[in-house]
Amino acid sequence: MIEVRLLGAINRPGVVQVDESLTFKQLLEEYGGGMLRKYPRPVVMQVGGPLGPIVRGSRINDRVRDHAPEIRTTRMVAFFGERFCPVDFLGFLTRFLVREARIDTPHVRGVHRTVGEIAGGRSDRAALERLRDLAAARGALSHGERRMNALIDDLMDIFADDFAEHVEARYCHFGVCRILFHHNAPCSNTCPSNMNVPGYIELIKHDRLEDAYTLMKQDNPLSFVCGKVCPAPCETRCRQGDISGVSVAIRQLKRYIADDRLAASTEYYEDRLPARDQRVAVVGGGPAGVSAAFYLAKTGYQVHIYEAQHRLGGMLAYGIPAYRLANHDIEAELAFLGKMGVAVHLGTRVGEDVPLSRLRAEHDAVLLATGRWVGRKMGPASPQVESAADFLWAVKQGERSSVPEKVVVIGGGAVAMDCAMTAPRLGGHATLVSLEQRAEMLVPAYEVEEAVEDGVELLNGWSVKEFVSDGDRLRKLVLQRCVRVFDDEFRFAPEFDPNELLEIEADLVISAVGQDADLGYLDDDIAVDERRRLVLDSAFRTSVEGVFAAGDIKAPGLVISAVGEGKRAAMSIDLYLGGSGIHFGRSIEVPETRLDPRIWDFQREEAAKLSAEERVRGFAEVESTFSYDQAHAEAKRCMRCDRNSLQELHLRTFPGKEGMSSWT
Ligand SMILES: Cc1cc2nc3c(=O)[nH]c(=O)nc-3n(C[C@H](O)[C@H](O)[C@H](O)COP(=O)(O)OP(=O)(O)OC[C@H]3O[C@@H](n4cnc5c(N)ncnc54)[C@H](O)[C@@H]3O)c2cc1C
Ligand code: SF4
């Protein structure tokens, strides 16, 4: 037996006596009460006090005995979740060494200074190299200094991208390094495009919707679209949500402003710098390409978008179903491109209609933003088996207006849900087969509820074992039970019970199990890795000078992440072309008013929605915009974290009091 103090983002910190044969996972779950519910994944563990080694979360099945020598020295194991910021950790460590352990040496001070520059936004890549050099220092160092060096090395290996993000984007996505906090509020810092959320919410209260819209457009040129379809990661970190359990309806407030101003507002695109000679080619007119084009055109560059399809919008126009986002809404939002002088070449597939090498020769920089359009397909080659991308594409173009009676959708994510909810609108009965249990599906819970109300049947915890055909005709699927989806190390590694089988009939199978990027149009000198992924650095640069890439082509994401990446790629391109920064527009003053003292009494407003019966009748938009009174009532729920407090709270659930919570 060994005595261990359990610490970190866990529910039951404290001292326990445990058998050395236990795994960290058992230690965490059986003795520590699991991770805090907001940060469920142990990203790293630290064994043996503040100077003990850092162990990757993927080694959760290591046994206590594997680390017994370190644990015995200080009897500590700490579990850190998704908010573990390695820069902040090193800041703490160096202060601890100087103040508590009295190791006040030039070496520790040097590390402390460099880490302070990184956390304080006063650094560049050279600071990271300096930190590596400091960690490599040998010679007359104390044991504490040597341990610190080893920790720096480990952290810089595990969190290489995050260190780069701190120095290059001056951003701490963990929301920990206070100076790097965007707009000083957890919602803004979490938003992948860092919108000034408390700013535009405050402006609603003052009926200054034109200013609010201009402010929104400064960080997100697709604010209107995002008001309709963004899953709102900002709301998951809203401080009002931490306290009352119900976040501010940020997306709906954005939608209220954008609905009002979309047709009338001109300032956001008219306010741009004088034209300059340099030309930039953007390949792909989806959210990432459009966002980059907007910022580059605002800054005076001559921008040409080359788009394979006959409409702009990418997956907005060809994936997201019309009941959530109609094509006329996308056209209305993207009208600014023409007004800004962006040249749009529709129906131009780069690699077929024009080689990439020619765009590189004719432009000063090129951005690749071609998303992921190759749907992964399961099952036999048959007209009865379609990929989700092909199915949704045909429906949105009006090329498909019916489905057969029994539609089976395979997949547990948002795209699968869109297919399943489209089928009843085309007269079919949809069954959704997913490996994940209902609570594990990567879809907001309200959307799953809505799908069930629309008549979608959920078969959670099943996988397709066999497609059974009668001659050329697909008849049914044999499913087998999926007992778990992820392994202990949080990797996708589904396990099945071959003895528990189920047969379901199918006239049409839609495979919604992911999409890949088609990189066939790339020139040979642009590097891809062994898994055929584009090699990119944190400034969106490919291996070739002057060629950048952003959006889903890099990794599947959201509209708002593609917009944010398009913005940051535009900043990199401007830097590359010798510019002095992207032009965002005038500074908009946000008034300082006091919070309504009844802030805790207000209930979250809910937008009106069509009933299930109305929904399945066709593709009419399901959700409405807030009324004036709703928007004003909801805006009052914002706590103005930008001026009251920066960081979100950490909810801790107390054992035996499920449903109750407090904060530390
Ligand atoms: C069905 C579905 C539903 C979704 N729902 C949501 C949602 O509700 N909310 C949300 O936030 N996100 C949603 N997403 C994700 C979101 O749509 C994407 O993250 C986003 O569109 C990525 O933007 P992008 O510009 O990187 O790529 P895309 O939107 O894919 O745009 C890429 C563009 O490049 C063009 N292109 C490709 N190859 C070439 C070539 N060789 N030459 C020229 N042009 C080319 C394509 O035609 C396309 O227009 C959904 C995705 C899908 C598939
Ligand atoms: S209370 Fe307001 S400022 Fe604070 S996180 Fe929520 S929306 Fe943002």
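1. Let us start with helix H4, whose buried residues are His107, Val108, Val111, Thr114, Val115, Ile118 and Ala119. Here a residue is buried if 20 or more other C-beta atoms lie within 10 Å of its own, exposed if 12 or fewer, and partly exposed in between, with C-beta atoms placed from the backbone. Helices (H or I, at least four residues) and strands (E, at least two) are DSSP runs, numbered from the N terminus. Seen down the axis of H4, the buried residues fall within an arc of 135 degrees, so they line one face of the helix; the arc is that of the directions from the helix axis to the C-beta atoms. An α-helix has 3.6 residues a turn, so residues three or four places apart point the same way.

2. A word on the model before going further. It is a predicted model, in which local features need pLDDT of at least 70 and side-chain atom pairs count only at pLDDT 80 or more, while totals for chains, interfaces and linings use all residues. Residues are numbered from 1 along each chain as its sequence is written, and chains are lettered from A and ligands numbered from 1 in the order in which they are written.

3. Back to H4 and its length. The buried residues of H4 pack against H3, H5, H6 and helix H7 (160-169), where contact means C-beta atoms, placed from the backbone, within 7 Å. Just after H4, Gly121 takes a positive phi of about 70 degrees.

4. Glu145, Arg147, Met148, Leu151, Ile152 and Leu155 are the buried residues of H6. They cover an arc of only 155 degrees around the axis, which puts them on the same side of H6. On the other side of H6, His143 and Asp157 are exposed. What do the buried residues of H6 pack against? Their partners are strand S4 (54-56), helix H3 (86-99), helix H4 (106-119) and helix H5 (125-135).

5. Arg102 lies in the loop between H3 and H4, and its phi is near 55 degrees, a positive value in a residue other than glycine. Arg102 is exposed, with 8 other C-beta atoms within 10 Å. Ser142 sits in the loop between H5 and H6 and is partly exposed, with 14 other C-beta atoms within 10 Å. The C-alpha atoms of Ser142 and Ile103 are 8.3 Å apart, although 39 residues separate them along the chain.

6. Leu296, in helix H16, is buried, with 30 other C-beta atoms within 10 Å. Leaving aside neighbours within four places in sequence, Leu296 is in contact with Val280, Tyr301, Val303, Ala570 and Ile573.

7. Now for ligand 1, which is surrounded by 39 residues, the closest being Gly284, Gly286, Gly314, Gly371 and Gly551; a residue counts if its C-beta atom, placed from the backbone, lies within 6 Å. Helix H16 (287-298), helix H17 (315-318), helix H22 (414-425) and helix H24 (559-576) each give two or more residues to this shell.

8. Ligand 2 has 15 residues around it, and the closest are Cys187, Pro198, Cys238, Cys638 and Cys641. Helices H8 (186-190), H9 (197-205), H13 (239-244) and H27 (641-644) each supply at least two residues of the shell. In the loop between H8 and H9 is Asn194, which has a positive phi of about 50 degrees although it is not a glycine. Asn194 is buried, with 24 other C-beta atoms within 10 Å.

Key: Contact = placed C-beta atoms within 7 Å.
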